[in-house]
Amino acid sequence: MGKTILVVDDDAMNLRMAEVMLKKKGYDVRKADSGQTTLTLLQEETVDLVLLDVEMPGMSGSETLDAIRARSELAELPIAFLSASENMEQAVANGEYAVQGFIKKPFLPQKLYESVDALLA
């Protein structure tokens, strides 16, 4: 049984690209297009990794992250931020967020696979 990855992004094309790439590598993929949908899905399903877009309308990625981390059963869930922002990449590298990784958008297949493999190791 493959690992389950939840991809969260308000952009349908980004969700689809990530889904296709990750399924090609044998991962089971769940998708959410908002922070609220993410929280609902995490109440209903168990996932091994969350790839979380930083900039979303309504509930931002950092607000969604805070809500996930506030739930004790999800405190150790591996989460990586997705963003095109160089500043966000630096903030993650500096440990400013309770995430385990950062994946730059747009996704490059090899970089996505390397990041996901490292996060799930």
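The model is predicted: local features need pLDDT of at least 70, side-chain atom pairs count only at pLDDT 80 or more, and totals for chains, interfaces and linings use all residues. Residues are numbered from 1 along each chain as its sequence is written, and side-chain values use heavy atoms, with hydrogens and water left out.

Start with the parts. The chain holds five helices and five strands. These are DSSP runs, numbered from the N terminus: helices are H or I with at least four residues, strands are E with at least two. Along the sequence the pattern reads β-α-β-α-β-α-β-α-β-α.

Now the sheet. Its five strands run in the order β2-β1-β3-β4-β5, with parallel pairing, and the sheet is open. Two strands count as paired if DSSP finds at least two bridges between them. Strands β2 (28–32) and β5 (101–104) stand at the edges with a single partner strand each, so one side of each has no neighbour in the sheet. From one strand to the next, the twist averages 20°. Strand β4 (residues 79–83) pairs with β5 over four bridges, in the parallel sense. Phe81 has Phe102 in β5 as its bridge partner.

Helix α3 (residues 61–69) packs on this sheet and touches β3 (49–53) and β4. Contact means heavy atoms within 4.5 Å. The direction of α3 makes about 170° with that of β4. Axes are lines fitted to C-alpha atoms, for helices over the stretch in contact, and angles run from 0 to 180 degrees between N-to-C directions.

Buried means under 20% relative accessible area, with a 1.4 Å probe and protein chains only. Leaving aside residues up to four places away in sequence, Ile79 touches partners including Leu49, Leu65, Ile68 and Val99.

Finally, the whole chain. Buried residues make up 48% of its 121 residues. Of the contacts with a separation of 6 or more, 57% join residues 24 or more positions apart.

Notes. Buried means under 20% relative accessible area, exposed over 50%, partly exposed in between (1.4 Å probe, protein chains only).
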